Amino acid sequence: MQQLNPSEISEIIRQRIEKLDISSQAQNEGTIVSVGDGIVRIHGLAEARYGEMIEFPGGIQGMALNLERDSVGVVVLGEYEGLSEGQTARCTGRILEVPIGRELLGRVVDALGNPIDGKGSIDAELTTPIEKVAPGVIARQHVDQPVQIGLKCIDSMVPIGRGQRELIIGDRQIGKTAIGIDAIINQKDSGIVCVYVAVGQKMSTIAGVVRTFEEHGVLDNTIIVAASASDPAPLQFIAPFAGCGMGEYFRDRGEDALIIYDDLTKHAWAYRQISLLLRRPPGREAYPGDIFYLHSRLLERAARVNAEYVEKFTNGEVKGKTGSLTALPIVETQAGDISAFIPTNVISITDGQIFLETDRFNAGLRPAMSPGTSVSRVGGDAQVPFMKRISGGIKLALAQYRELAAFSQFASDLDEVTRRQLEHGQRITELMKQKQYSPLSVAEMGVSLYAANEGFLTDVAVDKVLDFEDALLAYMNAEEAEFMQRINESGEHNDEIVAHLRAAIEKFKATGAY
Amino acid sequence: MAELATLARPYANAVFGTAKSSGDGLDRWSRMLGLLAATVAEDAVRRVIESPAVSAEAKAFRLCELGGDELNERARNFVGLLAANHRLGLLPEIVRQFEALKDLEEEILDVEIVSAFDLDDSDVQGLKDRLTKRFQREVVITSDVDAALIGGVVIRAGDTVIDGSVRGRLDRLTEALKQS
């Protein structure tokens, strides 16, 4: 970087000073009467509003959450150790806001939008309040465009659409974040902007995730909002709302965005901590009474908005385009108990869930998605016709396989039909395995599943199925590159395409190169 | 522990109501309450009030004795009531709230003006007129001088603060430049 010379520096400073408005205005002030546990009680501040930013000496900020008759309860967004009784606190007149815009892409920010990746300041022009009302019924449009996650098991059996909320739920260390990361990696060229919100996680984990994005070339398409485990609870509480505001920027301008909340369990813990310290009455599992509303209002903001809404929002600049914000919230369960408080809450809010099971994970089936209990309430509407037709039989085949699985011990004594069903199920289960950071395109997934459905795998040993798939895809990408690209671009399904596909696979099998 | 203000409020409201309806007048009660609060603040008196060994009646009696002829019948009753409820320590807060209610009633606003240099009378009158217009109440000004402000004035009216001092502007400039 070139060295600035002294006159340039003073010129920059002078410009900044001229842009500033430091005229005196009437402000509301109050006195701190108690400080502790990140909560400050202030006497005075008669005109404080709910959720307003309060300024403390030293530039520390807080958020007014308890408006009582004789005092205001403020949660401190940052280090509260420097505050003491008797200091003055000031209303800012602004409800808590975060910066938004394209300038945030490729950056790692904290819950207030301040950069923490050491790459310099972010000169965002726009800000938005963190609490906003979700789009109304009239402004919405039906979800029928797909978000390709790149994972066979998800895109075939629980397809996700743009504007949908799909919960990823499972025990610890089971691959929940891995699904989120794979989803983001697959959005490299899809035109979907990604936001990854890390709540209450280890800083080392967050650093690893950023590194992964960088390695796979998707960091420039992603905003990362990090409120790590060492950040105060108020910042962890705000982070998902801040990320949502950043994602809504794209939604409201006719673009598509994907947001991953990792994870909402820790978000609920942070909110519980704040509520208990503010002396709000505890309810079930000591969570406050409005813990459902906390997540429902966050997830309702993930939606698909129609073109009229976008046109109105952009004052006619963007016409004829719908916008969407797709949410993939993550919830951690304890010992697979999805009937606990927070899991049931979030399951009832979202449009489906991807349920990951420890048994499947330990048996080597990764992603450990359970096809029986995982659901997407948008379903086939969010699949391109090609995928929809080809993956139609997968879920059924696996369901039938599960029913017969108990009989697999008597394999030699069974009738032909049952045995074939078992073997087919085993091969499909094996095919659903996929390595991390290896997303597949629509065409590749389609080819794989078509081969499985049409019986091309019956003569392949179960433990060789994945090798067969690798070889088949390599062949298709080399010899039939044009065909594959055509499928990826159009997504259509007709007899001609199916015939071409069948012929290609038969040709591959004839070569015997697997 | 509940806020002192919350505990004192019912008493202040009751006293205010009595003062208005009884014909004693707000000023009279203001004086009596002021006297009681000042008495209670004295070390020796405070020790007696806080002592669990002395009975409520005794505390009330002592306090009324100290108040002397200044306190009328109703004021004595009030002291007895506070003593019986163990709320004598709230007197300073009760007085504060009573004065606030009185100001509201008489439409007076207490404004504190701190300036860097002495203000002359025309300046003070000018400020008074503008403030009266802004707050729609009669303004009573207390002024003070603080050289640390460098220039300009800081006006405090209740919770609202208008910081027009040079020091305030420099502070805001510092904060803004540090943030960007």
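**Entry 1: chain A as a whole**

I began with burial. Of the 514 residues in chain A, 46% are buried. I noted at once that this is a predicted model.

Next I looked up the secondary structure. Chain A holds 17 helices and 19 strands. I then took the extent of the C-alpha trace, which spans about 85 × 55 × 45 Å along the principal axes.

**Entry 2: one residue, Leu298(A)**

I picked Leu298(A), which sits in helix α7 (residues 291-300) of chain A. Is Leu298(A) buried or exposed? I counted 24 other C-beta atoms within 10 Å of Leu298(A). Burial takes 20 or more. Leu298(A) is therefore buried.

What does Leu298(A) touch, leaving out residues up to four places away in sequence? I listed Pro240(A), Phe241(A) and Cys244(A).

I also took a distance from Leu298(A) to Ile192(A). They lie 106 residues apart along the chain, and 20 Å separate their C-alpha atoms.

**Entry 3: helix α13 of chain A**

I turned to helix α13, residues 416-431 of chain A. It has 16 residues. From first C-alpha to last it reaches 22 Å, close to the 22 Å expected at 1.5 Å a residue.

Which residues of α13(A) are buried? I wrote down His424(A), Gly425(A), Arg427(A), Ile428(A), Thr429(A), Glu430(A) and Leu431(A).

Then I asked what covers these buried residues of α13(A). The cover includes four helices of chain A: α2 (152-157), α12 (394-404), α14 (442-453) and α15 (465-479).

**Entry 4: chain B as a whole**

I moved on to chain B. Its secondary structure amounts to eight helices and four strands. Reading from the N terminus, I got the order α-α-α-α-α-α-β-α-β-β-β-α.

Chain B splits into domain 1 (4-103) and domain 2 (108-179). How many Å separate the centres of these two domains? Over C-alpha atoms, I found 34 Å.

Chain B has 21 Å, but a compact globule of 180 residues would have one near 16 Å. The C-alpha atoms of chain B fill a box of roughly 60 × 40 × 25 Å along the principal axes.

Burial came next. In chain B, 21% of the 180 residues count as buried. For contacts in chain B with a separation of 6 or more, I noted that 65% come from residues 24 or more positions apart.

**Entry 5: where the chains meet**

I traced one bridge by residue: Gln27(A) has Val161(B) as its partner in β4(B).

Methods
Residues are numbered from 1 along each chain as its sequence is written. Chains are lettered from A and ligands numbered from 1 in the order in which they are written. This is a predicted model: local features need pLDDT of at least 70, side-chain atom pairs count only at pLDDT 80 or more; totals for chains, interfaces and linings use all residues. Helices (H or I, at least four residues) and strands (E, at least two) are DSSP runs, numbered from the N terminus. The expected span of a helix is 1.5 Å times one less than its number of residues. A residue is buried if 20 or more other C-beta atoms lie within 10 Å of its own, exposed if 12 or fewer, and partly exposed in between; C-beta atoms are placed from the backbone. Two residues are in contact if their C-beta atoms, placed from the backbone, lie within 7 Å. Two strands pair if DSSP finds at least two bridges between them. Domain bounds come from an automatic or database domain assignment. The radius of gyration is taken over C-alpha atoms; the globule rule is 2.2 Å times the number of residues to the power 0.38.
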